[in-house]
Amino acid sequence: MRKRFIVLVLSAAMAVSNLSGFGTAVYAEAVEEGYPQENLSVSDENPDDVSGNENPDDVSGNENPDDVSGNENPDDVSGNENPDDVSGNENPDDVSGNENPDDVSGNENPDDVSGNENPDDVSGNENPGDVSGNENPDDVSGNETPDDPEQQTAPKVGTVLTDGTDKYKVTKEGSEAAYTGTTASGAVKIPDKVTIDGITYQITSIGARAFENQTTLTSIVIGKNITQIGNYAFSDCLKLKTVSMKKGVTSIGIEAFINCTALTSIAIPKTVKTVKARAFMGCGKLKTASMSAGLSTIGKGAFRNCTALAMVTIPGSASVIKTNAFSGCTKLASVNLKAGVTTIGSSAFAGCRALESITIPKSVTAIQTNAFNGDTKLRTVTMGTGIETIGKKAFHSCKKLSVITIKSKKLVSVKADAFLGIHASAVIQVKPAKLSEYTRLMKGKGQGSRVAIVKM
């Protein structure tokens with residue numbers, strides 16, 4: 001237990017210099033008795049106090065010893081209430097005017113240098129360890145989950161995704177995917193969009209071979225966001241009876257529905273631009289196929305061997321009817337070609353044994369090789385004013401073809417055997433002004449000697 005000294009009050013008139021020797025002696029005795037050196041100062045009321053302070057060893061007019069700044073507590077050199085406080089703060093070790101120790105920034109909690117409410121928070125956030133203004137610690141990206149440096153990385157293009165029985169493939173990172181298959185059977189609906197692992201994808205296409213050989217599929221509803229039906233997508237789906245195709249589809253791929261032998265009808269929306277090669281080939285029960293204006297291409301063999309197809313209207317936007325497009329459609333009795341079609345391709349309607357008549361609009365300039373070959377019931381053909389070329393064997397074996405009318409004044413080429421096998425007594429009618437020219441042009445093109453070329 002420390003011994004305290006009784007300090008005698010000295011006369012105010014006494015000079016400080018006269019007391020210096022006495023003060024030195026008292027200081028030495030205090031050290032010997034174990035009184036802390038740091039608390040020894042010279043004051044007015046106590047020994048060794050030369051400043052008029054109440055406590056010894058206080059040279060600043062402060063109430064406590066070892067206080068050189070006018071503060072109430074010892075070891076306080078800044079006018080603060082607590083010891084070791086050099087900044088006017090209420091707590092010790094606080095050099096910034098803050099309420100808690102070790103707080104150098106004016107914050108309420110220790111170790112907070114940014115004015116935040118929690119310690120170790122240098123960003124103004126509510127939680128410690130958060131330098132980004134986020135609600136959770138260790139989150140530097142503005143996300144709510146800790147340790148998340150950025151938004152979840154989206155799967156790359158080509159990544160295969162699974163959602164229940166359905167499979168998808170990413171076609172545009174973070175936003176679009178193709179439907180690539182399912183283990184479901186019976187009736188299937190392809191969704192407009194799907195959310196997998198927190199990312200929503202628009203389903204914009206049906207992938208190649210997505211349903212190939214899926215013999216349990218009976219009907220399909222195609223989502224409104226689908227623009228493309230891939231190659232072989234539904235090939236050999238032998239029990240597929242109905243297909244619902246929304247506006248938005250622009251392309252039907254190669255052999256997309258080939259050999260769907262149970263399919264009875266198809267309505268191709270006006271948004272479709274291309275029906276590719278053999279898309280519906282071999283659909284033996286397909287009775288109706290409606291096509292709208294906007295369709296630009298009917299591919300090779302697109303409806304070949306659709307033996308139940310009875311009638312078809314081809315919009316003028318489909319300028320070229322390609323090779324074998326409707327060949328082998330043995331029940332096709334009515335073909336309506338709209339103005340705008342320019343070319344009837346090779347064998348386009350060959351073997352259409354139920355077709356009895358055809359009117360070719362003025363926009364058509366060429367009838368190519370075998371275009372109507374083998375149409376055994378075809379009786380009348382009317383060609384518009386634009387015809388320039390009639391291809392080889394174009395009407396070969398049309399044994400009932402008895403009236404051919406050519407309105408064009410532009411015909412410049414009739415290929416070999418173009419009329420071989422037509423009715424023996426057929427009549428070919430031409431513009432009067434072209435009678436002589438066309439008679440020479442069509443000589444030896446396969447028709448018998450009794451076939452007459454006459455004025456219209």
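Contact here means heavy atoms within 4.5 Å. This is a predicted model, in which local features need pLDDT of at least 70 and side-chain atom pairs count only at pLDDT 80 or more, while totals for chains, interfaces and linings use all residues. Residues are numbered from 1 along each chain as its sequence is written, and side-chain values use heavy atoms, with hydrogens and water left out.

User: Which residues does Thr-405 touch, not counting residues up to four places away in sequence?
Analyst: Thr-405 sits in strand β23, residues 403-406 (strands are DSSP runs of E, at least two residues, numbered from the N terminus). With that stretch of sequence set aside, the residues touched by Thr-405 are Val-381, Thr-382, Met-383, Gln-429 and Met-456.

User: Is Thr-405 buried or exposed?
Analyst: Buried means under 20% relative accessible area, exposed over 50%, and partly exposed in between, with a 1.4 Å probe and protein chains only. The relative accessibility of Thr-405 is 10%, so Thr-405 counts as buried.

User: What is the bridge partner of Ser-219 in β9?
Analyst: Strand β7 (residues 217-221) pairs with β9 in the parallel sense over three bridges. In β9, the residue bridged to Ser-219 is Thr-242.

How values were computed. Helix = DSSP H or I, 4+ residues; strand = E, 2+ residues; numbered from the N terminus. Pairing = 2+ DSSP bridges.
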